[in-house]
Amino acid sequence: MAVKELHESPSLSSLYPKALLGSLRKSGGSTLPSTEFVREGVVVDPAHLAAYNQVCGFRLDDVLPATYPHILAFPLQMALMTEDDFPFPLLGMVHVNNRITQHRPLRLDESFTLRVRAEDLRPHEKGKQFDVISELLVNDSPVWTDVSTYLRRGGGSGEKTARGQLSQPSPTAIWQVPGDIGRRYAEVSGDRNPIHLHPITAKAFGFPAAIAHGMWTKAHALAAFEGRLPEAFTVDVKFKQPVLLPAKAAFTTWSEGEGWAFELWNARKPKPHLEGSVVAL
């Protein structure tokens, strides 16, 4: 595998125009590039961490939430997926699943290495899907792993998985999601995809309103478990229907095995937004 070493975080402001051009040039493919992006000596800005914690609902702490390294790896993910040899256009891809494994808590004062690569291109009923693997290492030891699964629509098998009737569980909490949460999360994450920022820009991409970032909903759900999480765990989510902003959402959690399961639904309609689990290692 070819390794591309980066000495600083890629500029997202330069990658978005590249992503837009890619949407005009790229039409698909059958292989993923065998390139790994690596950035060493990464340190956390305490002010940035504090801003992230505030937007997502975590308490201020010198231990990183398990979802926080995702936004540090995100620029490397974008750099990888906007390379000329990446077969699919970044814009229009759907983030369908995210699994994060934390092997131990990561402290604010630790320096680390980030590695990002794509693998496992495979069919999906609605197109093709693949995984973007992000790893965080301290002294060459893996501490954190993030597997983001993306779907490129089009040319799928059309074979649909049988689904039972949707039944909304009784909520344990109601989220009042403000209309500006997309812009606020974009400010700390750097993910300024137009579908999250404003109703007008979201409508240009087929959404009736701006939608919340999937990784914000995951982070906000994880924040509900603060104080109860083990040191080593996996938090896995499937993104369902988008959260149209502003929103009133119903959050439900229950004990399951060595951890918890949780779901997020539209509070007014039987539409699921998110389902996930937290499992101790």
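Cavities first, so the term goes down before the result: on a 1 Å grid over the protein atoms alone, a cavity is a set of points where a 1.4 Å probe fits but cannot get out, while a pocket is an open set with protein on both sides within 12 Å along at least five of seven lines; lining residues have an atom within 4 Å of a point. Grid points are joined across faces, edges and corners, and a volume is the space filled by probe spheres set on the points.

Ground rules for my entries: this is a predicted model, where local features need pLDDT of at least 70 and side-chain atom pairs count only at pLDDT 80 or more, though totals for chains, interfaces and linings use all residues. Numbering starts from 1 along each chain as its sequence is written, and side-chain values use heavy atoms, with hydrogens and water left out.

How many cavities of 30 Å³ or more does a search of the whole structure find? I got one. The largest cavity holds about 40 Å³. I listed its lining as Leu 64, Pro 65, Ala 66, Pro 69, Gln 102, Arg 104, Leu 106, Val 143 and Trp 144. By class that lining is seven nonpolar, one polar and one charged (Ala, Val, Leu, Ile, Met, Phe, Trp, Tyr, Cys and Pro count as nonpolar, Asp, Glu, Lys and Arg as charged, and the others, Gly among them, as polar).

Next I looked at the second largest pocket, with a space of about 320 Å³. It has 17 lining residues, and Val 63, Leu 64, Gln 102, Glu 226 and Leu 229 are the closest to its centre. Its lining splits into ten nonpolar, three polar and four charged residues.

**Entry: the core**

The largest nonpolar core has 71 residues, and Tyr 52, Phe 112, Phe 130, Tyr 185, Trp 216 and Phe 262 touch the most other members. Helix H3 (68-81) gives the most to this core, ten residues. A nonpolar core here is a set of buried Ala, Val, Leu, Ile, Met, Phe, Trp, Tyr and Cys residues joined through side-chain atoms within 4.5 Å. Buried is under 20% relative accessible area, exposed over 50%, partly exposed in between (1.4 Å probe, protein chains only).

Is His 213 buried or exposed? I put it down as buried because its relative accessibility is 2%. His 213 sits in the loop between helix H5 (199-203) and helix H6 (214-223); helices (H or I, at least four residues) and strands (E, at least two) are DSSP runs, numbered from the N terminus. A polar atom of the His 213 side chain is 2.9 Å from the backbone oxygen of Asp 191.

Trp 175, in strand S7 (173-177), also counts as buried, at 8% relative accessibility. Its C-alpha is 5.0 Å from that of Ala 249, 74 residues apart along the chain. Among the residues that Trp 175 touches are Trp 216, His 220, Phe 251 and Leu 264.

Most residues other than glycine have a negative phi, and most peptide bonds are trans. I noted a cis peptide bond between Leu 245 and Pro 246, omega about -10°. Asp 120 has a positive phi of about 60° and lies in strand S4 (112-124). Asn 139 has a phi near 50°, in the loop between strands S5 (127-138) and S6 (141-153). Asp 120 is partly exposed at 43%, whereas Asn 139 is exposed at 73%.

Technical notes
Polar contact = N/O pair within 3.5 Å; in protein donor to acceptor, adjacent residues only side chain to side chain. Contact = heavy atoms within 4.5 Å. Lists of a residue's contacts leave out its neighbours within four places in sequence.
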